[in-house]
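Please open the model in a viewer and keep the selection tool at hand.

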Amino acid sequence: MKVFINKIIPERGYRMLEEAGIAYTVWKEKPILDRGQAIQFCKGHDAFLSAGQAGLDADFFEQCKHLKVVALHSVGFDGVDIEAATARGIPVGNTPNVLNKATAETALLLMLTVARRALYHHKRIKKGEWGIAKPTEGLGFDLAGKTLGIVGLGRIGAELAAICTRSWGMKILYHNRSSNKRAEEAYGATKVSFDKLLEQSDVVSVHTALTEETRGMFGMDQFKKMKSSAIFINTARGGVHQEEELIAALDQKIIWGAGIDVTNPEPMAANNPLLDMDNAVVFPHIGSATKETRDEMTRCAVENIIAGLKGKEIPYPVNPEVYSD
């Protein structure tokens with residue numbers, strides 16, 4: 001049994017595979033293969049450990065229908081045709097729950113960086129504009145006591161709520177399809193309509209999956225409903241906000257600032273206007289980029305590979321229905 005791995009992963013993963021007696025091939029030459037190359041490699045292997053591989057569509061699963069398992073080195077799976085995989089009996093696994101804290105910390109870092117205008121001031125130093133401090137210029141604002149609106153109060157959103165309530169006494173509003181009673185009891189979170197969340201929040205942080213319902217849900221109409229002093233944060237998926245309209249909202253001072261760890265497309269073009277705006281902060285999708293989190297993601301992905309190749313149910317399935325009779 002052999003697994004193809006399309007990027008270099010932490011050493012822990014290779015050790016796990018070796019201990020399980022599973023051979024592996026690792027692509028090390030580029031950041032990522034194109035779709036056609038990935039298919040050719042997969043045809044010579046029994047499983048695929050995919051770190052951000054594009055093009056896992058119905059045609060991919062048709063050409064690679066021999067695969068016994070596909071393990072994603074991510075929690076998100078919006079780029080995978082799960083229905084097509086299931087139709088061909090291929091279990092697809094992800095890495096749930098292991099990046100909750102790291103992603104919440106990234107959202108917090110964006111909130112702080114934007115609220116205190118940290119990147120703007122860093123740029124001032126580089127341009128030799130430190131000068132003499134002036135009491136009314138270049139001011140940010142405190143997060144303490146402010147209202148945080150969380151769109152998608154799941155595990156990551158709850159981690160952020162925990163930090164913000166305990167550290168700064170922030171009030172938590174949230175918008176979900178269902179109620180999160182645990183967060184309501186633990187953090188005093190209040191479930192509100194989407195419009196009410198936009199109108200009342202000082203910071204709006206997105207933690208929802210990318211679906212047909214959430215795709216493009218933040219555009220100019222939504223930014224206009226936010227406070228002109230509000231911050232927009234997105235560490236979920238770039239497709240949730242409409243980037244051109246976010247740029248316009250920032251440029252026209254419709255909202256005060258924005259911090260995003262996700263863009264559409266990724267990677268972002270080097271000449272994107274957001275990168276030069278004083279009220280915007282952009283990270284290159286670093287939500288899970290800690291050693292501890294990547295090690296745990298690797299553990300989950302390799303456990304899925306080992307189970308799938310041994311003919312067992314994988315521990316972290318995206319499509320558990322593949323095992324239904």
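Does K253 count as buried or exposed? Select K253 to begin: at 58% relative accessibility, K253 counts as exposed (buried means under 20% relative accessible area, exposed over 50%, and partly exposed in between, with a 1.4 Å probe and protein chains only). K253 lies in the loop between α11 (243-251) and β11, where helices (H or I, at least four residues) and strands (E, at least two) are DSSP runs numbered from the N terminus. Although K253 is not a glycine, its phi is positive, at about 60°.

A note on sources is needed before going further. This is a predicted model, in which local features need pLDDT of at least 70 and side-chain atom pairs count only at pLDDT 80 or more, while totals for chains, interfaces and linings use all residues. Residues are numbered from 1 along each chain as its sequence is written, and side-chain values use heavy atoms, with hydrogens and water left out.

Next, select R117, in the loop between α5 (100-115) and α6. R117 also is not a glycine, and its phi is positive, near 55°. With a relative accessible area of 23%, R117 is partly exposed.

Move to L119, which belongs to helix α6 (residues 118-126). Its relative accessible area is 30%, so L119 is partly exposed. Display the neighbours of L119: leaving aside residues up to four places away in sequence, L119 touches T113, A280 and V281 (contact means heavy atoms within 4.5 Å). From L119, draw a C-alpha to C-alpha distance to P267: the two residues are 20 Å apart in space and 148 residues apart in sequence.

P267 is the next selection, in the loop between β11 and β12. The peptide bond from E266 to P267 is cis, with omega near 0°. Select P265 as well, which is placed in the loop between β11 (257-260) and β12 (280-282). N264 and P265 are joined by a cis peptide bond, with omega about 10°.

Now show the helices α1 (residues 11-19) and α12, which pack at an angle of about 25° with their axes 8 Å apart. The angle makes α1 roughly parallel to α12. Axes are lines fitted to C-alpha atoms, for helices over the stretch in contact, and angles run from 0 to 180 degrees between N-to-C directions; those under 35 degrees count as roughly parallel, over 145 as roughly antiparallel, 65 to 115 as roughly perpendicular and the rest as oblique. To see the contact, select R12, G13, M16 and L17 of α1 together with D295, E296, T298, R299, V302, E303, I305 and I306 of α12.

Continue to N319, in the segment after α12 (291-309). N319 counts as buried because its relative accessibility is 0%. A polar atom of the N319 side chain lies 3.1 Å from the backbone oxygen of I90. Apart from residues up to four places away in sequence, N319 touches I82, A85, T86, I90, P91 and V92.

The last stop concerns cysteines. C64 is buried, with a relative accessible area of 0%, and C300 counts as buried at 1% relative accessibility. Which cysteine sulfur is closest to that of C64? The sulfur in C42 is, but at 4.8 Å it is too far for a bond. With a disulfide defined as a pair of cysteine sulfur atoms within 2.5 Å, the count comes to zero disulfides.

Notes:
A polar contact is a pair of N or O atoms within 3.5 Å; within protein, one must be able to donate a hydrogen and the other to accept it, and residues adjacent in sequence count only if both atoms are side-chain atoms.
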